[in-house]
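Please consult both while reading.

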Amino acid sequence: MEVLDPISRLIAPRLGFMLMLIVGVVLQGCGGGDESKKSDVVDSEASAAVYVPPGQHDEYYSFLSGGFNGQVSVYGLPSGRLLKVIPVFSQFAENGYGYNEESKPMLMTSHGFVPWDDLHHPKLSRTDGLADGKFLYVNGNNTPRVAKVDLATFETVEIMEIPNSAGNHCSPYPTNNNEYILAGTRFSVPLDLEKGGMGDASLEEYKDKFRGSISFIKTNEEDGHMELDFQVLVPGFDYDLANGGKGPSEDWVFFTTYNTEKSRTLKELGASQNDRDYLAAINWKLAAKYAAEGKAHEMPANYYHNIKDHGSHQAKSNVIKKVRYLLPEECPGMMYLIPAPKSPHGIDVDPTGEYMVVNGKLASSLPVFSFSKMQKAIENKDFDGEVNGIPVFKYESVLYGEVKEPGLGPLHTEFDDKGNGYSTMFVSSEVVKWNVKDLQVLDRIPVYYSPGHLMIPGGDTKEPNGKYLVVMNKITKDRYLPTGPELVHAAQLIDISGDKMRLLLDFPTLAEPHYAQAIAADKVAPNSVKFYKLGDNTHPDAVKKESDASVTRQGRTVKIKMTSIRSHFTPDNIEGVQVGDTVIFHVTNLEQDWDVPHGFAVMGANNSETLIMPGATQSLRWVPKQPGVYPFYCTDFCSALHQEMQGYVRVSPRGSNVPIKFSTGEKRPVPPAQASVN
Ligand code: K7E
Ligand code: CUA
């Protein structure tokens with residue numbers, strides 16, 4: 001560090017980052033071997049600190065985004081044990097999400113079926129500024145979407161597409177009582193205010209025609225239901241990250257911007273010409289007031305809102321055709337710009353709500369802005385010009401101070417309960433602890449390697465728990481047994497309860513975690529659903545007793561209403577299906593007990609299995625291509641006779657005269673005693 005910083009000060013700012021990157025990588029390259037082994041020796045005390053004895057539960061749930069796998073991974077802390085993978089924007093063959101008929105509408109968008117996305121930021125729903133353990137909101141970066149995971153079932157229950165956005169990266173940021181979830185676009189695009197959506201425009205018109213948008217999604221307190229209330233159309237910059245205020249600043253949300261140059265090509269250089277980009281400050285309460293008081297315009301739109309119904313377990317899509325928008329130039333006092341180090345990444349607000357830290361990845365210091373100074377600057381109109389009618393503050397008039405030489409490549413900051421900030425340094429591969437009041441660096445710990453986000457349970461709220469910190473590293477190189485060209489990413493658990501940070505544990509993660517959230521287990525575990533009540537199942541094709549099972553033909557579609565219970569399907573012998581029929585298996589799991597899902601898979605199906613939770617109904621579509629007798633079976637080991645849980649579908653040639661016929665056992669219908677459900 002001491003060697004690098006003078007260099008970074010000498011070199012031309014534009015090349016500085018490139019050089020820092022190269023030097024950083026070289027340092028990692030040679031430091032990865034012996035040095036790492038020396039510096040992270042985990043003592044037996046550390047292993048005791050993360051040891052959760054077999055049969056005991058972890059203290060926290062943590063939710064790590066999966067980045068390019070479109071999923072959320074749930075880990076217990078401090079053990080680092082993987083508890084669940086929740087598919088959100090990805091098809092998931094493991095349980096049929098995105099493959100079975102009930103969940104396919106979840107992945108519908110105005111672009112059609114989009115079974116993948118890039119999921120970066122999980123955020124827990126909030127009550128009174130604290131995570132309440134009800135829902136987890138996450139963003140889809142690529143085809144802009146915001147999703148909601150229900151933490152009673154750990155299932156994705158709602159996905160809303162975001163119109164007028166292209167790259168939903170600074171998203172989703174809940175206000176302190178979930179009044180709004182904010183979602184900003186990363187890319188600006190030419191917006192056609194008359195016809196709606198993206199218009200056709202030459203890239204040469206970037207500077208004049210491109211705009212960004214920040215979406216204000218209203219949520220319902222009861223069920224977290226989302227509704228896009230309005231958008232604020234903002235200057236054509238790139239918007240990177242966001243975070244909400246708290247306490248005195250709780251009416252505000254802050255967004256980092258880059259490419260305020262509005263460069264359209266070679267952004268690695270073009271977007272770094274200005275010495276400064278901006279931190280955008282938006283008063284969300286005032287915006288909502290403007291929207292309510294008639295300042296909003298309306299434009300055509302076309303976006304999908306997909307919701308899973310509680311009773312039927314079926315997702316349904318609504319297509320929404322208009323959206324309201326506000327223009328900052330028409331809404332005085334709603335939006336301001338704070339000059340910030342060029343191309344900043346994370347923006348983080350400390351627990352008191354007074355300090356806003358901008359992580360300028362190319363800067364050699366971390367600027368900390370003061371909310372009260374910002375309020376004063378607004379009062380005194382202490383501005384330095386404006387952009388599109390949005391006032392720009394003078395840097396000094398809102399700056400609280402700078403953390404000098406914190407490390408190289410700061411990306412993100414999170415806070416503890418003792419007035420300290422912790423920042424990740426991507427290039428110098430370390431977490432740096434500093435005091436928010438006096439801005440002095442207090443401690444640094446190497447991490448392996450190149451950390452992105454970090455997370456302290458509650459560290460983005462007014463009440464962090466200052467015991468653990470999880471840092472998520474992008475590069476693992478020599479850290480684990482090699483697995484070919486692709487290596488896992490890793491999380492490292494650090495004890496932050498003392499003066500010195502202490503590495504406790506290192507665990508591999510799925511795909512690429514960006515941000516994460518954690519919450520005390522007792523806020524979530526007691527509400528966990530054990531099974532769905534069969535009586536509450538309103539699926540139109542559910543059958544609640546074996547005697548109601550049926551197979552019916554409607555033209556070229558064969559509908560099979562089937563039940564599953566340990567250890568058989570009803571029916572398990574089916575005839576009369578023909579090549580080219582569309583066969584839909586509607587399987588109801590009759591079990592009313594915890595941890596007894598049944599799976600269903602049929603040979604040759606062009607999708608996946610589907611895993612049916614107790615009390616639920618799920619449907620799998622199958623178009624047999626060749627005549628034969630096709631086995632189907634249960635995929636989840638459910639009883640000692642699981643391997644016997646199987647059946648057959650006879651598929652005859654097209655036009656054959658084999659009638660529809662179905663049975664279980666020798667008799668049909670099944671005697672009522674056998675069909676009973678406990
Ligand atoms: Cu990876 Cu939050 Cu998308 Cu930083 S972001 S690392
Ligand atoms: Cu049911 Cu295995």
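Q: Over how many bridges do strand β1 and β2 pair?
A: This is a predicted model, in which local features need pLDDT of at least 70, side-chain atom pairs count only at pLDDT 80 or more, and totals for chains, interfaces and linings use all residues. Residues are numbered from 1 along each chain as its sequence is written, chains are lettered from A and ligands numbered from 1 in the order in which they are written, and side-chain values use heavy atoms, with hydrogens and water left out. Strands are DSSP runs (E, at least two residues), numbered from the N terminus, and two of them pair if DSSP finds at least two bridges between them. Strand β1 (residues 60-65) pairs with β2 in the antiparallel sense, and the number of bridges is six.

Q: Which residue in the turn between β1 and β2 has a positive phi?
A: The two strands form a hairpin with five residues between them. Within the paired region, S62 has Y75 of β2 as its bridge partner. The turn residue with a positive phi, of about 55°, is G67.

Q: Which residue of β3 stands opposite V74?
A: β2 also pairs with strand β3 (residues 82-87), in the antiparallel sense over five bridges. Their hairpin has four residues between the strands, and G80 in the turn has a positive phi of about 75°. Opposite V74 stands K84.

Q: How many residues of strand β2 are buried?
A: Buried means under 20% relative accessible area, against over 50% for exposed and partly exposed in between, with a 1.4 Å probe and protein chains only. Q71, S73, Y75 and L77 point one way from β2, V72, V74 and G76 point the other way, and all are buried. For strand β2 (residues 71-77), the count is therefore seven of seven under this cut-off.

Q: Which residue is the bridge partner of V357 in β23?
A: Strand β21 (residues 344-349) runs antiparallel to β22 and is joined to it by four bridges, with D348 opposite V357. Three bridges join β22 to strand β23 (residues 365-370), again antiparallel, and the hairpin between β22 and β23 passes through four residues. In β23, the partner of V357 is V368.

Q: How many residues around ligand 1 are polar?
A: A residue counts as near if one of its heavy atoms lies within 4 Å. The residues around ligand 1 are H120, H121, H169, L241, H345, H412, G452, H453, K474 and H514. Ala, Val, Leu, Ile, Met, Phe, Trp, Tyr, Cys and Pro count as nonpolar, Asp, Glu, Lys and Arg as charged, and the others, Gly among them, as polar. The shell holds one nonpolar residue and one charged residue, and the number of polar residues is eight.
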